[in-house]
Amino acid sequence: MDKDSIIVKGSFSMQVIEAATGKVLEDYQDNNLVVTLGKTNTAKLLAGDAAGKIISKISVGTGDADPIITDTGLTGAYTKAITSYTFPESNSVLFSWSIDNAEANGMSIKEFGLLTADNVLFARKVRSEIVKTSAVRLVGTWKIIIN
């Protein structure tokens, strides 16, 4: 007999864009890790538990340690509200976000996090360094898929 199970997973997509020209300097996509606190939050939302919070923030940080399931935050984080969300399929939500050319300048961005309204880490992604200056902006999406 097969057992039903719910799997929460994510897909991270980002472009580094030259602010002056709008030219795409890098187009990056990869999977990410939904951490334990993110899975706990999902369970609470499914039950209507008041402790469950919506995902509403994007965060970038300087940490370069590989993501692990017990991660709870980012190093030296810059955090802001996500831009919007849509439902591209019946089992997913797509969060759109941006870090504009006047934001997070001087950071050596290596990690990204998706946060709930009360700043609980839901998912984390680490990649090669982006030295953030006013010459570039970052635009991306983060898809969370429930299977």
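## A tour of strands and salt bridges

Start by selecting Glu26, which is partly exposed, with a relative accessible area of 27% (buried means under 20% relative accessible area, exposed over 50%, and partly exposed in between, with a 1.4 Å probe and protein chains only). You are looking at a predicted model, where local features need pLDDT of at least 70 and side-chain atom pairs count only at pLDDT 80 or more, while totals for chains, interfaces and linings use all residues. Residues are numbered from 1 along each chain as its sequence is written, and side-chain values use heavy atoms, with hydrogens and water left out.

**Stop 1: the partner of Glu26.** Arg127 and Glu26 form a salt bridge, with 2.8 Å between the closest N and O atoms (a salt bridge is a side-chain nitrogen of Lys or Arg within 4 Å of a carboxyl oxygen of Asp or Glu). This pair links distant parts of the chain, 101 residues apart: Arg127 is in strand S8 (residues 121-131) and Glu26 is in strand S2. Strands are DSSP runs of E with at least two residues, numbered from the N terminus. Arg127 is buried, at a relative accessible area of 8%.

**Stop 2: along S8.** Now pick Arg124 and Asp71, whose side chains meet in a salt bridge at 2.7 Å, N to O. Here 53 residues separate Arg124 in strand S8 from Asp71, in the loop between strand S3 (55-61) and strand S4 (78-81). Both Arg124 and Asp71 are buried.

**Stop 3: Lys80 and Glu103.** Select these two next to see another salt bridge, 2.9 Å from N to O. Lys80 lies in strand S4, and Glu103 in the loop between strand S6 (92-99) and strand S7 (108-116), 23 residues apart. Lys80 counts as buried at 17% relative accessibility, and Glu103 counts as buried at 17% too. In the whole structure, a search finds seven salt bridges.

**Stop 4: strand S1 and its neighbours.** Switch to a cartoon view and colour residues 8-18, strand S1, together with residues 136-146, strand S9; they pair in the antiparallel sense over 11 bridges (two strands pair if DSSP finds at least two bridges between them). Within this pairing, Phe12 stands opposite Trp142 in S9. Then colour strand S2 (residues 24-34), which runs antiparallel to S1 and is joined to it by eight bridges. Ser13 has Gln29 as its bridge partner in S2.

**Last stop: the turn.** Zoom in on Gly22, which takes a positive phi near 80° in the hairpin of S1 and S2, where five residues lie between the strands.

Note on methods: Helix = DSSP H or I, 4+ residues; strand = E, 2+ residues; numbered from the N terminus.
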